[in-house]
Amino acid sequence: MALQTTFLLVLTLAGQTFAFSPWTVMARRRGSAVRAAPSSSSTTSSSSSSSSAAAAEGAMGRRGWLEIWPRAAAGISTAAVVVGLPQRASAKGGPASSVELARLRKGYEGLEYLLANFDKETTKCTPECNRNPDAVRSYMGLRSMDHPLYQVEKILSKGQDNLDDPDDVEEYITACENYSSAISESNAMAYTSSFGEYNPGGGKDAVEKYLELARAQVVLARDNLKIILTKLGA
């Protein structure tokens, strides 16, 4: 019964909907054989209808199960729903190595340093001092292939294979999504800040405004990267 309620397939074929589990199709096939037996009082038309119904039901047996998928792939409307524990998506080339985990740790430490020294790191004096929003993008690994966070999404994908607990996997994926979003937003805000003084209606106030928005996203990136490292034990 546990298997029957854990896996449910819903298929819409030629306008008709079927719901069944691959572990119960044989039982349904046996039931269809009973229903297919015509009674002595059945007329020729009702016997024919019963046989047709039995044939349709029997198609949901093991042979029908194998035949449905090619038809679905050919373009018949199909919807599949799996009920039960969430299944972990296959990671790409995992697990993440100790060297890759060390990259994550180094990148996290860089974000910590940036936030602790934000005004200093985002100011450049040559000799006149001006804000340098592009420093945010550098610390995020968006400016150099040698940065530990460069293309970090590849490591994060492989990191799924470092986890065994389904709850950890779910929290890990959420943290990765939040981290990726923060990276994207900080990149956009830092880039906008870089040209804030030159845009119509802009000025130094615009530079500061978008730089502060970039800082807020760096905080989110740092916090979610910390969750990721904790889950990975790095």
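What follows is a short exchange about helix packing in a predicted model.

Biologist: Why are H9 and H10 called roughly antiparallel?

Modeller: The axes of H9 (residues 166-194) and H10 (residues 204-232) cross at roughly 160 degrees. Angles over 145 degrees count as roughly antiparallel, so H9 and H10 are roughly antiparallel to each other. Their axes come within 8 Å, and the crossing is left-handed.

Biologist: What makes up the contact of H9 with H10, by class of residue?

Modeller: That contact divides into 20 nonpolar, seven polar and four charged residues.

Biologist: What is the angle between H5 and H10, and how far apart are their axes?

Modeller: Helix H5 (residues 98-116) packs against H10 at about 150 degrees, with the axes 10 Å apart. H5 also passes H10 in a left-handed crossing. Residues of H5 including Leu104, Tyr108 and Leu111 meet residues of H10, among them Val218, Leu225 and Ile228. The contact has 13 nonpolar, one polar and five charged residues.

Biologist: Which residues touch the most other members of the largest nonpolar core?

Modeller: They are Leu104, Leu111, Leu156, Tyr179, Leu225 and Ile228, out of 33 residues in that core. At least two core residues come from each of H5, H7 (134-139), H8 (153-159), H9 and H10. H9 gives the most, with nine.

Biologist: What is Leu111 in contact with, beyond its neighbours within four places in sequence?

Modeller: Leu111 is in contact with Tyr139, Met140, Leu149, Val218, Ala221, Arg222 and Leu225.

Terms used:
Residues are numbered from 1 along each chain as its sequence is written. This is a predicted model: local features need pLDDT of at least 70, side-chain atom pairs count only at pLDDT 80 or more; totals for chains, interfaces and linings use all residues. Side-chain values use heavy atoms; hydrogens and water are left out. Axes are lines fitted to C-alpha atoms, for helices over the stretch in contact, and angles run from 0 to 180 degrees between N-to-C directions. Helices (H or I, at least four residues) and strands (E, at least two) are DSSP runs, numbered from the N terminus. Angles under 35 degrees count as roughly parallel, over 145 as roughly antiparallel, 65 to 115 as roughly perpendicular and the rest as oblique. A crossing is left-handed if the near helix is turned anticlockwise from the far one by less than a right angle, and right-handed if clockwise. Ala, Val, Leu, Ile, Met, Phe, Trp, Tyr, Cys and Pro count as nonpolar, Asp, Glu, Lys and Arg as charged, and the others, Gly among them, as polar. Contact means heavy atoms within 4.5 Å. A nonpolar core is a set of buried Ala, Val, Leu, Ile, Met, Phe, Trp, Tyr and Cys residues joined through side-chain atoms within 4.5 Å. Buried means under 20% relative accessible area, exposed over 50%, partly exposed in between (1.4 Å probe, protein chains only).
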